[in-house]
Amino acid sequence: MAAEIKNSSPALALVLAPYDPSGGAHLPADALTGARLGCHIVSVPTALLVRDSAQQENIQTLAEDIADDQARCLLEDMNIQAIKCGPVYSPEIASMVAELCSDYPELPLVLHLSAMPTGLDELDADDALDASLRLLLPLSSLLLIDHPSLERWQADELLGDTPDAVETLLNNGANAVLVTGVPGTAGQWHTRFQGHHGRLDYSMPLDGGVRQQDIDSLLATACLSFLAQGHELDNAVESALLHLQERAGDTFQPGMGHRLFNPVAPQND
């Protein structure tokens, strides 16, 4: 007699993000992270990255009208429960995603931002950031940002003259902010999770050879996956950090550059 086949439907989440051909971050790595956490990721590429495991050479942004059409096709067809966007490399994409999310206000939005790569003059970093903060930040349930990017934005006075960038983000419409790579004890990786009702600090050991980009992408998608499964925001963040801690030592070196998280799920004994 054939074994009974389980037929449980996973939660569905939409990711609008760059395509990273190295498989380290963003698409398609987000789909693998979601699968490990019981979430089916449907995706819309917003840019194509030209890179290997060591460095990024170029970014080709994609037409926002095509991305909008694809996202709406998915949202109208499937019972999507949460959305993740970012990093955002053009003001047009930021505007498109803002209009999209305004049409689906019931879906939590995880906004993943980072500093623009240097040496790519064809990208208008200031306009992309301004549009993201002005249009997307007030719509987000969670903003994930790395501490070096916040420091760079403060140095460039892109957040105004403020001693606390996180407070500025909250005052400008963010619901909650998760800052990664916060300075702290050597050998530990520190995060700061702050909303309007308090702050929590976390730390964990982490392989220093893994890129910040990979860490943040995995963490943002883990938050997305738990939100799509109905977790409250605080619980989704804590569960995502626990997932990251469980995977912290499971890395491999695919090429001559940085170590990446192992995409292969461990076999059950």
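Predicted model: local features only at pLDDT ≥ 70, side-chain atom pairs only at ≥ 80, totals over all residues.
Reader: How many bridges join β1 to β2, and do they run parallel or antiparallel?

Author: In general, two strands pair if DSSP finds at least two bridges between them; strands (E, at least two residues) and helices (H or I, at least four) are DSSP runs numbered from the N terminus. Here, strand β1 (residues 11–19) and strand β2 (residues 39–51) run parallel, joined by 9 bridges. Together with helix α1 (residues 26–36) they make a right-handed β-α-β unit. Right-handed means that, with the strands pointing away from the viewer, the path from the first strand over the helix to the second runs clockwise.

Reader: What follows β2 in the hairpin?

Author: That is β3, joined to β2 through 4 residues. The pairing of β2 with β3 (residues 56–61) is antiparallel, over 5 bridges, and Arg51 stands opposite Gln56 in β3.

Reader: What is the strand order of the open sheet?

Author: Read across its 9 strands, the order is β3-β2-β1-β4-β5-β6-β7-β8-β9, with mixed pairing. β3 and β9 (198–205) stand at the edges with a single partner strand each, so one side of each is left without a neighbour in the sheet. On average, neighbouring strands are turned by 20° against each other, direction ignored. Such angles run from 0 to 180 degrees between N-to-C directions, with axes fitted to C-alpha atoms, for helices over the stretch in contact.

Reader: Which strands does α5 lie across?

Author: α5 lies across β5 (109–113), β6 (142–146) and β7, at about 85° to β6; contact means heavy atoms within 4.5 Å. β7 (residues 176–182) is also joined to β8 (residues 188–195) by 6 bridges, running antiparallel, and Thr180 has Thr191 in β8 as its bridge partner.

Reader: Which residues lie nearest the centre of the largest pocket?

Author: Rolling a probe the size of a water molecule over the atoms shows where empty space is left. A pocket is an open set of points on a 1 Å grid over the protein atoms alone where a 1.4 Å probe fits, with protein on both sides within 12 Å along at least five of seven lines; lining residues have an atom within 4 Å of a point. The largest pocket has 24 lining residues, with Ser114, Ala115, Met116, Pro117 and Gln213 nearest its centre.

Conventions: Residues numbered from 1 in each chain as written. Heavy atoms only, no water.
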